[in-house]
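Here is my note on the model you sent over. Have it open on your screen as you read, and follow the points in order.

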Amino acid sequence: MENSKKISAPFLRHEDSLSSMMLDMCIALSPSLIWGFYVFGLRSVVSTLLSVFFFTFFEFMFRFLFKKGLLFKDYSAAVSGIIFALLL
């Protein structure tokens, strides 16, 4: 057993960055947002904008409080805000 090799799972590997993957998620979620606007009207757009704003704001505040730097390098707060708005 000492000479056995560890074989990793066959994951797909690509050169995309985290910010490009999160931007792709925002694009992928846009048909759901458009459908929500069609069915529920302006309330769905307002709730989406508010949730994205507050997710981004609280990420900014936590980064400020813990002195992590104020640059947002990915769109994870926006993706989380959109998913939260879709759950409402």
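1. Let's begin where α2 meets α3: S47, T48, S51, V52, F55, T56 and E59 of α2 touch S76, A77, A78, S80, G81, I82, F84 and A85 of α3. Contact here means heavy atoms within 4.5 Å, and helices are DSSP runs (H or I, at least four residues) numbered from the N terminus. By class, this contact has seven nonpolar residues, seven polar and one charged. Ala, Val, Leu, Ile, Met, Phe, Trp, Tyr, Cys and Pro count as nonpolar, Asp, Glu, Lys and Arg as charged, and the others, Gly among them, as polar.

2. A word on the source: this is a predicted model, in which local features need pLDDT of at least 70 and side-chain atom pairs count only at pLDDT 80 or more, while totals for chains, interfaces and linings use all residues. Residues are numbered from 1 along each chain as its sequence is written, and side-chain values use heavy atoms, with hydrogens and water left out.

3. The axes of α2 and α3 lie 8 Å apart, and the helices pack at an angle of about 140°. Axes are lines fitted to C-alpha atoms, for helices over the stretch in contact, and angles run from 0 to 180 degrees between N-to-C directions. The two helices are therefore oblique to each other; angles under 35 degrees count as roughly parallel, over 145 as roughly antiparallel, 65 to 115 as roughly perpendicular and the rest as oblique.

4. Now for α1 and α2, whose axes come within 6 Å and cross at roughly 135°. This pair is therefore oblique too. On the α1 side the contact uses L33, G36, F37 and F40, which meet L42, R43, S44, V45 and T48 of α2. Five of the contact residues are nonpolar, three polar and one charged.

5. How do α1 and α3 cross? Helix α1 (residues 18-40) and helix α3 (residues 76-87) have axes that come within 9 Å and cross at roughly 20°. That makes α1 roughly parallel to α3. From α1, the contact takes M22, M25, C26, L29, S32 and L33; from α3, it takes S76, A78, V79, I82, I83 and L86. This contact counts 10 nonpolar residues, two polar and no charged ones.

6. Finally, a look at the lining of the largest pocket. Each of α1, α2 (42-65) and α3 supplies at least two of its residues. The lining divides into nine nonpolar residues, five polar and one charged.
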